[in-house]
Each structure stands twice: as C-alpha cells, then as structure tokens.
2 protein chains.
Amino acid sequence: MGTTEAWKKMREVCVLGVGIHKFGRWPDKDLGDLGREAILMALDDAGCSPKDIQAGFGGRVQVPNTAALRLVSEVFQTGIVIDNVEKACATSSTAVRLATWAIGAGLYDVCICVGAEKMERGLLGAVPPGQEARASYAQLMGLGIMPGEYALRARRHMHQYGSTREMFAQVAVKSHRNGALNPYAQYQTPVTLEEVLNARMIADPLTLYQCSPSTDGATAAILCAREVAHKYKGKPITIAGWASGTPAYEPVGVGGDVQEGFIPRLAKEAYERAGVGPKDIKVAQVHDAFSAGEIFAYEDLGFCEPGEGGRFVWEGKSEINGQTPVNTDGGLESRGHPMGATGIAMLIEIVRQLRGEAGPRQVPGNPKVGLQHNVGVGGCNIFIYKK
Amino acid sequence: MGTTEAWKKMREVCVLGVGIHKFGRWPDKDLGDLGREAILMALDDAGCSPKDIQAGFGGRVQVPNTAALRLVSEVFQTGIVIDNVEKACATSSTAVRLATWAIGAGLYDVCICVGAEKMERGLLGAVPPGQEARASYAQLMGLGIMPGEYALRARRHMHQYGSTREMFAQVAVKSHRNGALNPYAQYQTPVTLEEVLNARMIADPLTLYQCSPSTDGATAAILCAREVAHKYKGKPITIAGWASGTPAYEPVGVGGDVQEGFIPRLAKEAYERAGVGPKDIKVAQVHDAFSAGEIFAYEDLGFCEPGEGGRFVWEGKSEINGQTPVNTDGGLESRGHPMGATGIAMLIEIVRQLRGEAGPRQVPGNPKVGLQHNVGVGGCNIFIYKK
C-alpha cells in the first residue's frame, strides 16, 4: 500500500483553533511568556479546555529544543504525550504533520502543536569570529549560509530566464505591503521598490528587505479529527493533503537548473493526496526566507511555468487580489521568521483566509483551498488545506 | 475511539534489523562516523538496501539536533522524509514510536530510526561556572540536576521501605557484571559491592558506579510492517505495545510516595495494548541513569510490589538467570548512556535476547516477551516486544 493510498483511508483531520504571539523583538519575555499566549489563544479559538488535548507536538530550533514539552506541560500538566521535533525552519510544520498522522490513524482525537523561538541578532549560520579554522572552504567563501545560497540561485535564474533584480525586489514590496495589514507582523511598514533596491546589499542581488529578519514569536494550532469537531466551537479547516521529503543526491558539479528538484516532486504528491491542482490554490504561504525563494516556489509549486516566477510577481499575480495570492500575511520577510514558530504561522494565515477572517488583507472571492510550503535545512513540508 | 483500540486496529509493526557503534569515548570520530557504522550494520542485519527505506526518524539531544537528517541523508540521499525528534534521554525511543505509528497506520512499510550522541565530560545540567546568577534556587541547592533528584528519592525509599544503600549499590554490581559480557558496552569490567560502596560519593547514597557516565555512541533500528518482513532476511521482533506520557501536575509541597506516579499509569497502558502483564516479561531494559532509578522501575512496572524493589535486586531476581532479568547488556551505568542513542540501545538488547543472539549474557529459557522503559526529562516511553 502506498503512502497516498494509506492517507486517503485515514480519518479526516482539521485545524480547529489557532493562536499566535505577535512576532517581533521581546527582550523582556521568555519562551514561556510567548508560548503561553499562543497556546491560550488557540484553546480559546478552538473552544477546547486543556483536558480535551490528548497529545502535543512542537519545538524550537535553538537549544534547549524541548520547547514543546516546556510550553505544553507548563500550561496543561495533564500527563499527555508531548514530543519535541526539529527540522530547522520547517520545525512546527513537522509537528503539524506528526499530529495529522496520529489523529488520522485514530490514536488521538485532539492534539496541540506549538512552535516558539527567541533569536539572537545577526546572520544565522555565519562563521563565528575565531572559528575560521573549523569552517569549511564553502563557508569561508560565503556559501553554506542562506543568503549566499539563495543569491547564487537568484543569479542563475537571472542568467537563465532573464528575470531582473527588480522582480526579486518586488517580492519584498508585496510582502511588506501585506505585512502592514497584519497586526501580528514584526514589520508593519510598506516599502517602495526603490527603497528595497537601494537598501544595504546582503548577497547580490538580495538586499536587506529581501531577507527574513531575526524574530521572537510563538504559534499554536489545535488539530482534531473532523468527526469530533462538532463538539467544539472552533471553525474547522481540513488538512486535505501533505507531502514531506529531503533532496535526493545530486553529484557535485553536475550543475543543472535552479529549481530545487525535490520540491516539485513533493508538490505533486501533496496535490494528488488532496485531490486538487495548482490552479485550485486560492491562497498560499510559501517559504520566502529570501525573496528569491518565493519566486522559486511559484515555479516549484506549479503556480507558473519554470522560469516565469519573476514575471509572475512583477505582473501582480501573487498579490492579494491576484491570480494566486501568496504570503498575504507579509511572509517571512515582513511578518518575521522565528524559526520554530514559522510553520504554524503559515498555517494560521491560511486558516484565517479560508475562514474569511483575514480582515483588511482578506483574499476576495471566498477562497476554499490554500497551500503551505515550509522549507527547512534539508527538508520541506507541504500542506493543502480546504474549507 | 480510544488510543488502545486504534492501536489494536493498526498493522503489526516489527523490528527487522539493528545496529550499534560501540559505546565509549571516541575523540577522533565525529557524529557521522558513529552514526554511519550503526546505520550500515542495521541495514545489513535487516537485509535492506537504502532504497527500501521510506522514512527516517531520530535525533540527538545536544545541538545541532538535526542528527537524523544528517546521519540518514548522508548514508541514503534518496529523498525520503526524515524527522528529527528530541526528548532528552528518551530521544531515540521517541523516534521508534513515531516510526511505529507511521508504519502501523500504513503510511510507510519500512523506516529507519537512529540515535547518536557525543557528550562532554562532567555533570550534565550542573550550573556552569560564572552562571550562578542565572540558576534557580533549586539548582544552587544541588537539585534540578539528576543525581540530586534521584538521591533524594532514594533516601525517601530507604526511610519509607527500609531499603539499604547496599541494595542500591547491588544494581551497579549487577550492571557491571552484565556489561562485562557485552562487547558494545563502554565499561566491561565487573565491580564488587565493596568497590561500589567505597567509590566517590556523587549524591548520597549514590556513588560513582551508580551513575551513568558521559558516552559517545550511535544506534539504529529498521522497522517494518510485519506483512512485508518476509521480503527481507532480518529476523522480525514485533512491537506489541507502547505507551508514552508526561508527569501530571502535582501541587508543590504535597509530597507523597517516591514512585513517579505517571509511570505505573503508562505501564498499565502498555501492558493492555500488548495483551500481556508484568509476569510475562522475561527480559527488560529499564532506565538506570542512576541505580535507584532501576529499583523504582521494578516497582513502577509491576515486577514487584511498591517498596520491594531493593529486595528484588538484592535477592537476585533481576539477574540474567533471575525471575525478571533487567539490563542484561549492562544498562546505562555500564553499557553507557549517549543520551540520544540510549533508547534504541535498549531496543537492540531486547531484540538480541528475543532472537537468542545475546551470547554469554543470553537469558535462559527462550524468552518471548521483553519490555523497554526509557525516561527522559519530563517524559517516558515504554515498549513491549514479542518474539
């Protein structure tokens, strides 16, 4: 029996409630302060009490990684199983996937997922001063850290497909315009194309506004079996499909296209499991850790043809009122990217959009299907949600 | 539908192959060197090739926690989903549980689980020099770190039940005698009761030999659906039952018994799911991070009555040829305790015992049912295996 066949035989799983602590800089709060607010908001949104929750999944990226245990048990202490997971920037979407499996398999009816992070300032993954002798040659050349990797792929995209630096910058313009409409976003100020292009260069062609910031924040989601959702006041949104995987081996030096080959494969699996296609997606949250990543995602997820991603954003097709609205909450760049919390933040925005509760940034036309694309070092989780 | 009922409807899951890198101090090896050896041994034992593996689960406790991703993708690079989990000393048994769920639910037929750790010297969790201002009052009094916590409970056990320091020490005598029969153990030298009692005092009544050491090591296990096991040469051992949970809230100052109240509850669940009782257990690996913990485990798991644990070991009932052989591979104290690898090390010993492959430490009488009890900070995983 294949994974897709098994998935289709599982119980229907839905998101019953969501909660978030405003993303930003919270020097006077600890992880518990952030997580507690998100968890209590999710319980209230779902209409659940702690005793209804049968299992917890979650995590943070930085140490100690036992965030789920600390956050959930602090609020509940009901004796439930609580698992900590970690998949870099795809940490809390991994928690959601594990909860989805457990509920779908019938082991639990109601689970909570949490993600939280407090981040230091500065470039993540850079070689610390004094540690040069332990760095790889790639790191010393500025690779092996994220801005360099995305910038190289962006340059290749420009060379191969004729996309322009203005197109990459336009992603940040859109993100910050959307983020200004999101009261939970870290940055709520629109920026112009000129401001983005003239900002400090981080890794050519990516300027400051095209890079996700360091952020503190927390998110929570309560999932349940669709068949028990009627017991609670939360408005259920179904998890219709998912896919997860890692890049397959590619021999060094072979080069090739700028697409991350494994994501189209996962997207195909997720669409198949959900019984929809790219044209059905009416709202999407994709992993724009850097603006170029959003353009690659358009192509990887089939919103446009390979090479057309730059023009896709330039022509407004990913705007809130466009063909496929993307990162309507400001995305990683404007909403912020507290690594362990980001996966559930994406889920939250899709839930709000499908419920019609997104206020000034609501996608028009009563969207019924949303997609989430959350990439962490070495892996990716895709989810498709249905109203 | 309850968890137990759902579990009984799942597909039967078994352990198909196991692998281990000898535990000890490996200053010249990195995590990859350790993990690779364990993974390749497990593949060979199972008779699988990397392309047969459909998902991976695992982790380490220390940063970076993405051990599963690094270890599995380094060996395989086949594009499979790989999840990193962390539950302190119960990390790799959590990986096994998640793989069990995924296979039981039909999502995957064959999964790999890995655990690995390289540990620093010294007392884990102690307040680092210069960090006293950030420590809790409990930490400054020697609590909040493991030897202190176990020692307090041991003293309470002595007071309440009349157990003696010799009984606690006897656990270490048994462990080291068994470890001397295990070529993968960190310490393979027997110790006498007098040596244990006269060793350096760590936290009264626990002396050095009664405390698990810091260890480097790695372990791997390949799990599969029972219905596909015939395709491979590995000798399958069934995962008959499991339970997992966290301590429920107890108001501060209420005191009470020395047993960790939540573990008897989990044991009851595991026995129910496996359809066996404590008397059926013919080999057990329990969490003897400190000798007192093994005595508590005898009682928590129903091998003896509450308060009888000290006499249980003193009378030889947990010896290899005793009523319920416990920690036949040397346990955490003698085999070693590389935190992230320990959960699967316990599984490996039970698999070897149930297969009849444990050599000089083989439990006599063809044991058919084994139990694993793996405790991490804030949680516990119990598994019951059947031949």
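**Notebook: helix packing, a buried aspartate and the chain pair**

I found that H7(B) and H10(B) are roughly perpendicular to each other, because an angle of 65 to 115 degrees counts as such. I looked up the values behind this: helix H7 (residues 165-179) and helix H10 (residues 291-300) of chain B pack at an angle of about 100°, and their axes are 8 Å apart. I note that the model is predicted.

I then listed the residues that make this contact. H7(B) contributes B:Met167, B:Phe168, B:Val171, B:Lys174 and B:Ser175. From H10(B) come B:Ser291, B:Ala292, B:Glu294, B:Ile295 and B:Tyr298. I sorted the residues of this contact into 6 nonpolar, 2 polar and 2 charged.

Next I turned to B:Asp109, which lies in the loop between helix H4 (91-104) and strand S4 (110-117) of chain B. Is B:Asp109 buried or exposed? I recorded a relative accessibility of 13%, so B:Asp109 counts as buried, the cut-off being under 20%. Leaving aside residues up to four places away in sequence, I found that B:Asp109 touches A:Met1 in chain A.

Finally, I examined how the two chains are related. Chain B superposes on chain A by a rotation of 180° with 0.0 Å of shift along the axis, at an RMSD of 0.0 Å. Which residue of chain B comes closest to the rotation axis? I identified B:Val85, whose C-alpha is at 2.1 Å. I also noted that 100% of the interface residues of chain B are interface residues in chain A as well, so the copies meet through the same surface.

Note on methods: Residues numbered from 1 in each chain as written. Chains lettered and ligands numbered in written order. Predicted model: local features only at pLDDT ≥ 70, side-chain atom pairs only at ≥ 80, totals over all residues. Heavy atoms only, no water. Helix = DSSP H or I, 4+ residues; strand = E, 2+ residues; numbered from the N terminus. Buried < 20%, exposed > 50% of the residue type's maximum accessible area, 1.4 Å probe, protein only. Contact = heavy atoms within 4.5 Å. Axes fitted to C-alpha atoms, helices over the stretch in contact; angles between N-to-C directions. Parallel < 35°, antiparallel > 145°, perpendicular 65-115°, else oblique. Nonpolar A, V, L, I, M, F, W, Y, C, P; charged D, E, K, R; others polar. Least-squares fit on C-alpha atoms with pLDDT ≥ 70 in both.
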